[in-house]
Amino acid sequence: MEVANNTNADSEEYVSQLQQEIQELKQTKEILYQSRAFFESILYTSLDGIAAMQTVRDSITGEITDFRFLMANPVIAKLFYSNQEDLIGNYLLNTKIFLDNPNLFDSLVEVVETRKPFNQELYYEINHNQNWYQIIAVSLADGITLTIRDITQTKLLELELTRQAKIDSLTNIANRRRFDEYLEQEWQRYKRQKLPISLILCEIKNFESHKNAYGNHKIDECLIKIAQVINNCAKRAIDLVARYREHQFAVILPNTDKEGAFYVADLIGSEIEKLKIGNISLNLAIANMIPRKDLEAKALIAAAENR
């Protein structure tokens with residue numbers, strides 16, 4: 001009887017332990033189910049494109065030759081011009097954005113090999129539309145998780161704010177800040193190329209007397225018209241017209257010799273005369289230099305101001 005009782009006790013303990021393990025498995029399964037549901041909820045409601053990818057390696061060398069999509073949400077599928085089902089199992093290098101940007105692939109390979117995350121902004125033109133993306137890659141076993149965020153609207157806003165910061169609010173041409181930046185940029189460029197830069201300073205004669213005679217509103221209209229005329233006379237994309245001071249405009253003419261500068265100045269003078277705004281006229285000062293190592297860009301300004 002004692003042997004039978006021990007056997008029954010062992011059986012009951014075994015059954016109890018088995019029931020406990022089954023219960024723990026159920027709880028674990030429920031936790032996994034909830035975790036998976038939570039993960040999928042994040043995945044499918046995220047505004048970012050998210051994907052998990054496995055490396056594809058050369059069977060002989062072991063080098064990474066591509067990445068295969070294991071999982072992707074609808075957002076990233078749309079970015080890669082595919083539906084979600086077609087993207088799963090497909091290869092990263094088959095997608096246009098990576099075909100057009102081969103250096104991105106090298107960066108992702110480096111993430112796997114070094115375990116260091118990758119975070120970079122990418123400019124990409126699609127059907128002549130400007131697009132910017134933030135690409136984040138993190139290593140995951142023998143693969144990566146890839147997050148792609150569309151930051152186009154933010155970048156366009158930043159560019160517009162930057163543009164506005166360099167535009168004169170009245171005349172809608174470049175302001176003094178933009179003038180200084182561009183002159184320095186072109187001075188350094190043509191210092192290397194040993195080519196000439198010309199500068200025309202256009203000053204309204206007797207500005208204060210005109211201002212007193214016409215009033216602020218009329219003189220503003222006058223400034224706007226003069227700015228438009230000068231801007232139309234500097235026709236090349238590399239030319240820059242800026243409001244230099246309240247009553248003075250500047251024209252930067254890269255890769256332009258003295259004769260070319262005089263031609264533009266004569267054109268400006270004749271077009272201003274055609275406006276026939278009272279007796280308003282311009283004083284035009286021209287300077288021309290080939291930038292040298294021993295000269296700074298302000299030497300060109302000084303030469304024009306001393307004419």
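1. Helices (H or I, at least four residues) and strands (E, at least two) are DSSP runs, numbered from the N terminus. Residues are numbered from 1 along each chain as its sequence is written. This is a predicted model, where local features need pLDDT of at least 70, side-chain atom pairs count only at pLDDT 80 or more, and totals for chains, interfaces and linings use all residues; side-chain values use heavy atoms, without hydrogens and water.

2. Start with confidence. The pLDDT is the predictor's confidence in each residue, from 0 to 100. Its mean over the protein is 86, and 89% of the residues reach 70 or more. Among the elements, strand 8 (residues 248–254) has the highest mean, 96. Helix 1 (residues 2–45) has the lowest, 62. Where pLDDT is low, the predicted coordinates should not be read in detail.

3. Five strands make an open sheet, in the order 2-1-5-4-3, with antiparallel pairing. Strand 2 (64–72) and strand 3 (118–126) are the edges, each pairing on one side only. From one strand to the next, the twist averages 30°. Two strands pair if DSSP finds at least two bridges between them.

4. Look at one pair. Strand 1 (residues 49–57) and strand 5 (residues 143–150) share six bridges in the antiparallel sense. Here Ala 52 stands opposite Thr 145 in strand 5.

5. Which helices pack on the sheet? Helix 5 (residues 102–114) touches strand 1, strand 2, strand 3, strand 4 (129–139) and strand 5. Its direction makes about 80° with that of strand 2. Helix 6 (residues 152–165) touches strand 3, strand 4 and strand 5, and its direction makes about 125° with that of strand 4. Contact means heavy atoms within 4.5 Å. Axes are lines fitted to C-alpha atoms, for helices over the stretch in contact; angles run from 0 to 180 degrees between N-to-C directions.

6. Helix 2 (residues 74–79) gives the largest share, three residues. By class, six are nonpolar, none polar and two charged. Nonpolar means Ala, Val, Leu, Ile, Met, Phe, Trp, Tyr, Cys and Pro; charged means Asp, Glu, Lys and Arg; the others, Gly among them, are polar.
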